[in-house]
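User: Could you take a close look at the side-chain contacts in this structure and walk me through them? I would like one connected account, with the cut-offs spelled out.

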Amino acid sequence: MNSAAKIHIIGIGDDGFDGLTAQATQRIGAADLIIGNPQVLTYVDSVTAEKLPVGADLNAIVERVKASTGKNIVVLTSGDPLFYGVARYLCDVIGKEHFEVLPHVSSMQLAFARVKESWDEAYLANLATQSLERVVQNARLAEKVGLFTTDQHTPAAVAKALLSLKLDYFSAYVCENLGSPNERVTQGELAEIAEQQFGLLNVMILVRKPGVPDRPIALVGKRLFGNPDEVFLQSKPKRGLLTSAETRSIALSQMDLGPTSIVWDVGAGSGSVSIEAAMIAAAGAVYAIEMDPEDHGLIKTNAETFGVTNLTPILGKAPEAWEDIPDPDCIFIGGAGRHVRGIVEPAFARLKPGGRIVLNIGSIENLHEVHELLQRLAGEARATMINIAHSTYQLERHRFESLNPTFLITAIKPLKS
């Protein structure tokens, strides 16, 4: 292309020519060719220049620009061309030196102005280029969110996705046709927005309600790990066999979980370790293996209570039950009883190199047997005794009642040489 030629990328709002600066109006008036989507081209019907309607295919714009050397070209786009717009793509492909950008106020700026909220620290996303699942996960930690929606991912679809994960702590605004005479701003709860339809030209804004933590309102008081034993449903005949909050917390720290870890919980019981592991490894996967049908059902119920979606309960007996699931980064084994040795060896064989295995052992006999086995398999194993006492108040005096001592054994699978 002629290095002296400039292509003008001009942003325009729903108010058309009336909202343009004198400089932008002059550039459009002098244009030989105006490129833009059919909707924005209606704003310049009165201009005599050749019009080229284009859709979402940005390569078509590139090819036409390259083929129109020597002409005064205007690429007309909505709002700010550099804010989720066409300008970045054109500058990257053709070269910045060929362009002059004259932005209009973006619809995102207008939307935040209409709801009277600052947007300097907001999480902003375009659902045309990002998945709804990713946007929802990023939104859960944000104070404010600004979204360009699409005909597929509408404001109602966004609201339903948030509610499905019990992320009910946002006030929502849907701003339609910003800058035009039929502009409309709708405010409501997510449940209300989920039942409504809106025009295609809209921006959705979410504002976190004051003082609400980064979890569903129904889960306020529930922790990422170390939750009190009583918040988990347990089958009555086995009540008290749940991995205690203190032991669970230490075990989870020794499991060394990352955001994307794959975890097996063997002998999961009612799922307390599985659920807390799933909340820590939020982008990973947890498989809770349990052979008791009643406990298997309780895992599902407890997972729903905590809003955990990356946990898969598996009804079956180890080792057969884990044949078709991915190799783990970490394995927790609890409640294995006298048959623990027969579980540890095949579990260790499936563990990824560098992965960890953590066992909760109740008897000294099993402690010795498993420690010896893991010393042989891993070269080194670490045993920790946990002895916890809780205070009680009786006869105007405080005293401590001890829980039964329990043991954790941890080993790391050597890396392949």
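Analyst: **Side-chain contacts**

There are zero disulfides here, a disulfide being a pair of cysteine sulfur atoms within 2.5 Å. Cysteine 91 is buried at 12% relative accessible area, and cysteine 175 is buried at 1%; buried stands for under 20% relative accessible area, exposed for over 50%, and partly exposed for anything in between, using a 1.4 Å probe and protein chains only.

A word on the basis: this is a predicted model, in which local features need pLDDT of at least 70 and side-chain atom pairs count only at pLDDT 80 or more, while totals for chains, interfaces and linings use all residues. Residues are numbered from 1 along each chain as its sequence is written, and side-chain values use heavy atoms, leaving out hydrogens and water.

Now to the charges. The whole structure holds 13 salt bridges, each a side-chain nitrogen of Lys or Arg within 4 Å of a carboxyl oxygen of Asp or Glu. One of them joins glutamate 117 to lysine 144, with the closest N and O atoms 3.2 Å apart. This pair links distant parts of the chain, 27 residues apart: glutamate 117 is in the loop between α5 (107-114) and β6 (123-126), and lysine 144 is in strand β7 (residues 144-148). Helices (H or I, at least four residues) and strands (E, at least two) are DSSP runs, numbered from the N terminus. Glutamate 117 is partly exposed at 25%, whereas lysine 144 is buried at 18%.

Another salt bridge pairs arginine 208 with glutamate 143, at 3.8 Å between the closest N and O atoms. Arginine 208 belongs to strand β10 (residues 202-208) and glutamate 143 to the loop between α6 (132-139) and β7, so parts 65 residues apart in sequence are tied together. Here arginine 208 is buried at 7%, but glutamate 143 is exposed at 53%.

Turning to the rings, you will find three aromatic pairs. Rings of Phe, Tyr and Trp (its six-membered ring) pair if their centres lie within 6.5 Å; planes under 30 degrees apart count as stacked, over 60 as edge-to-face and the rest as tilted. Tyrosine 169 and phenylalanine 170 make a tilted pair, 5.0 Å centre to centre with 50° between the planes. Tyrosine 169 is buried at 0%, and phenylalanine 170 is buried at 0%.
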